[in-house]
Amino acid sequence: MKRILIFSGTTEGRRLTEILANAGVPSAVCVATEYGSEVMDPLSGIELYQGRMDLNAMENFMRQEDFLAVVDATHPFATEVSRNLKMSASMARIPYLRLKRETGQNAEGRENSPFLQCYFGTNESCAKALLSTEGNILLTTGSKELLTYCKEASLKERLYVRVLPSEESIAVCRAAGLKGKQIIAMQGPFSEEMNLALIRQYEICHLVTKETGTTGGFPEKVSAAKQAGIHVHVIGNPEKQDGLSFQEVCDKLSSLTGISLSPNIHLHISLIGIGMGDSGTRTQLAEKRIQEADYLFGAKRLLCGIKEQYTNKKQTAAYPYYTAKDILPVLTDILKEKEMQCYCGKNIQAAVLFSGDTGFYSGSWNLYKELEEWKKGQEADISIQVLPGISSVSYFAAACKISWQDAVIRSIHGKGGRKNWEAEVLSDIRYHEKLFLLVSGVSDVREVGRILVENHLSGCRIFVGFQLSHPEETVTEYNPVQCTKLKEEGLYILAVLNPHCEQKYLAPARPDEAFVRGKVPMTKETVRKLAVCTLKLTEHAIVYDIGSGTGSVAMEIAERSETIQVYALEQKDEGVELIRQNREKFALPNVHIVKGQAPECFENLPAPTHAFIGGSGGRLEEILRKLYEKNRNMRIVMTAVTLETMGKIAAIRKYMPIKEEEILHLQVSKSRFAGSSHLMQAENPIYICSFDFSGE
C-alpha cells in the first residue's frame, strides 16, 4: 500500500498519525524539530523524519516516493510552510490535503469584545500596542515570534514567556536576553486552572495568545484571563476558510486507501468493589482493571487510597464522583471528544470504585441501571462489567470465627430519616440468633446497646469490629451495657448473638390475658384476629388505630412486621398509659402513641395506608372525611356493637366514594367449664365493616 505523507507539528497531526497506524495505513511523518520527534509515540507502520525543509527540499522528498497523498497538519500560523507544501505537492503531482484547525471565528472583521479582549493581525502590531500598557505580560505565542516582543527593553523586562521545553526554544529565549525567571518551559495545552495559577503566580496583567483553537488550548486561556480580570491580546488566525476539517481529511483518506478511518470507539466500564480498603481485599481482576483505567471515578477517600498505591498511573484522569448524575455527563463528554478526534485506538477503560462488595449495600447497582439506559443513546460500543470485592461482613465474620450464611444482615449506615430502624433492628435481634449490622459510627453502637438494655436483651453477646483492614483494627466482644459507653470515633461493624431468641408469631394470636388491661374497653381476641386479617396489611404500611383503648389492636398490627408504623390514637389518659405499658411489654418501638381526639389529632401525622376505627366518639363522618383528605386510596376497617352505629356505617356510601365494601356479623361463643361439663357462653354480637376508598 502507498504511504501517506504527513507534515506534522500539531496535536491534530499526531492524532491523525495514530488513527492511520491503528487502521494499518503506513505513513511518513515529517516534523521540524527534535522536540517534535520526542512527543511522537512510536507506532507500527509509521516512519518519522526530522528537520526543517524549504521548498526545494520538500519537492525532492516528495519525488523520492510515490505517496498516496500529502497531509499538511502544520500549525495554522506556519503560513509559509503551508504555501511551500502546497506548491511542492502540485509539482510532484500528489493530492494535497490541508488539515485546518477549528478556531471558531476569524480575526478579520471581529470587533473588540467588551471583556478586555483585543485582536491583532500581526505580532508586530500587538507588540506595539503593549508598549502603551503597564504590568506583567504572559506571552504564549511560542519562541518563533519571541524576538518581536524583545526589541524594546521596556517591554522585554515585563515578559514571562511560556515556550516548549526543548533545547531550541530555551536557546531562543537566552539569545533574546530573557532571564531564567522569565522563562516557563512547559508542554501544553493547559487547563483553565493551570493558566489561572500562572497568571496569579506571576501577577500577570496581559495575556498574549494566538487564536489557536480548541486543541491549542485557546478557550482555556481566555476563560482563565476572564476569571482573573486581565487583558487578552489575540493574534488572529491568518488561515482563511480553505482547508478541510479533521473528519473531512479522514473521509478523503478513507476514500483513497479503501480503509475506513471513521471513529471506532469501544468503552469498557468496570464497577469495582475494592474490598476493605487495601489491595489484599481486592480480586486480581479488579486490580487489573484499576491499573488499566484511563478514567477513574469514586469517592474522594477511595481515590486517595488508590493513588497512593498506583503512583505510576500519572496519565489516569481521576474524578471524585460515584453517582450517575455526576458520572454520566463526564462519560458523554469523553465519547464526544473521542468522536471529534476520529478515535480508532485501543479500548477506552473507565473504572468506578465502590467500597466493600458491589453486591452488598452498594450504590453500584443503581449506577449499573443508569448506565444500561444511558448506553442505549450512544453510538460507541459500550460494555459494563461488575466486579465484586471482599465485603465487611465476610471479613468480619472470619475475624469473629462466626459463619454468616444463617445470619440476618442489616445496614443502618447513613440511616438518615429512617424512623423505623430501631424496630427493625430490635425485631432482628429478638427473633434471630445472629445479626450482622453495618453502622455509621460509634453513636450507632451506643444506640444499639441502649435498645438492647431497655428491651431486656442484655444477655446478648456483641462482637464489635473497629477500623477493619486498618493498622488499628480490633475485634472485641462486649455486652450491651459496655456498648453504651464506647466513645472512640471510627468505622464500626457489629455482630449481635442472641442465644435466647424468640419464635415470632406469624398471625395475630395474642390472648386477651397477655395485655396489660384496666377499665378501658378492649377489642376481644377473636374480633381482634379477624379485624387485623381484614385490614390486608402490607410491608411498610402506615396504620391509624383510632380509639386505641389498651392498644391491643395496635400491638397485633405492629408485631406483623417491623416495617409497619402504627399510630395509636387515644384521648383518655388511662388509655394512653395502658398503650405505653403494652408497647414496652412487647418491645414494639414501631407503635407511636398520639394523645388527642380524632380527627383533629391527624394534623401532623403522615398519610395513612390503613385505618382501624375501634371507637369514633360519635364523629364517624368527620373522621372518614379527614382520612379521605389524607389518602384517597386507603383501607378502612371498623367495628360496631350497637344498631345505631351500624346505621351510621350503612349510610357511608351516601357521602363517601368507597368500593369492595363488606359487612360481617360476628356471633362468638366460648366454652367454659361447669363442673365436669362444657357450656358455651355467648359474647356480645359485633359487626366488622371493611372497605377501600375508591380514589375519586
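## Basis of the model

The structure is a predicted model in which local features need pLDDT of at least 70, side-chain atom pairs count only at pLDDT 80 or more, and totals for chains, interfaces and linings use all residues. Residues are numbered from 1 along each chain as its sequence is written, and side-chain values use heavy atoms, with hydrogens and water left out.

## Nonpolar cores

The largest nonpolar core has 30 residues, and Leu-627, Ile-636 and Phe-693 touch the most other members. A nonpolar core is a set of buried Ala, Val, Leu, Ile, Met, Phe, Trp, Tyr and Cys residues joined through side-chain atoms within 4.5 Å. Buried means under 20% relative accessible area, exposed over 50%, and partly exposed in between (1.4 Å probe, protein chains only). At least two residues of this core come from each of strand S22 (542–546), strand S23 (565–570), strand S25 (610–613), helix H23 (620–630), strand S26 (635–640), helix H24 (643–650) and strand S30 (686–693). Helices (H or I, at least four residues) and strands (E, at least two) are DSSP runs, numbered from the N terminus. With five residues, H23 gives the most to this core.

Not counting residues up to four places away in sequence, Leu-627 touches Tyr-544, Ile-546, Phe-602, Pro-608, Ala-611, Ile-613, Met-634, Ile-636 and Phe-693; contact means heavy atoms within 4.5 Å. Val-527, Ile-557, Phe-586 and Val-668 are included in a second, separate core of 27 residues.

## Helices H1 and H11

Helix H1 (residues 11–23) and helix H11 (residues 246–257) have axes that come within 12 Å and cross at roughly 35 degrees. Axes are lines fitted to C-alpha atoms, for helices over the stretch in contact, and angles run from 0 to 180 degrees between N-to-C directions.

On the H1 side, Glu-12, Arg-15, Leu-16, Ile-19 and Leu-20 meet Phe-246, Val-249, Cys-250 and Leu-253 of H11. The residues of this contact comprise seven nonpolar, no polar and two charged. Here Ala, Val, Leu, Ile, Met, Phe, Trp, Tyr, Cys and Pro count as nonpolar, Asp, Glu, Lys and Arg as charged, and the others, Gly among them, as polar.

An open sheet of five strands has the order S17-S18-S21-S19-S20, with mixed pairing. Its edge strands, S17 (408–411) and S20 (474–478), each pair on one side only; two strands pair if DSSP finds at least two bridges between them. S17 and strand S18 (residues 434–438) run parallel and are joined by four bridges, and Ile-409 stands opposite Phe-436 in S18.

Helix H18 (residues 442–454) lies across S18, strand S19 (461–466) and strand S21 (492–497), at about 20 degrees to S21. Helix H17 (residues 421–431) is largely enclosed by the rest of the structure, because ten of its eleven residues are buried. Among the buried residues of H17 are Trp-421, Glu-424, Asp-428 and Arg-430. Their cover includes S17, S18, H18, S21 and helix H21 (552–560).

## Two loop residues

Ser-391 lies in the loop between strand S16 (381–387) and helix H16 (392–400) and counts as buried because its relative accessibility is 8%. Leaving aside neighbours within four places in sequence, Ser-391 contacts Met-276, Gly-356, Asp-357 and Phe-360.

Gly-177 is in the loop between helix H8 (167–175) and strand S9 (183–185). Its relative accessibility is 42%, so Gly-177 counts as partly exposed.
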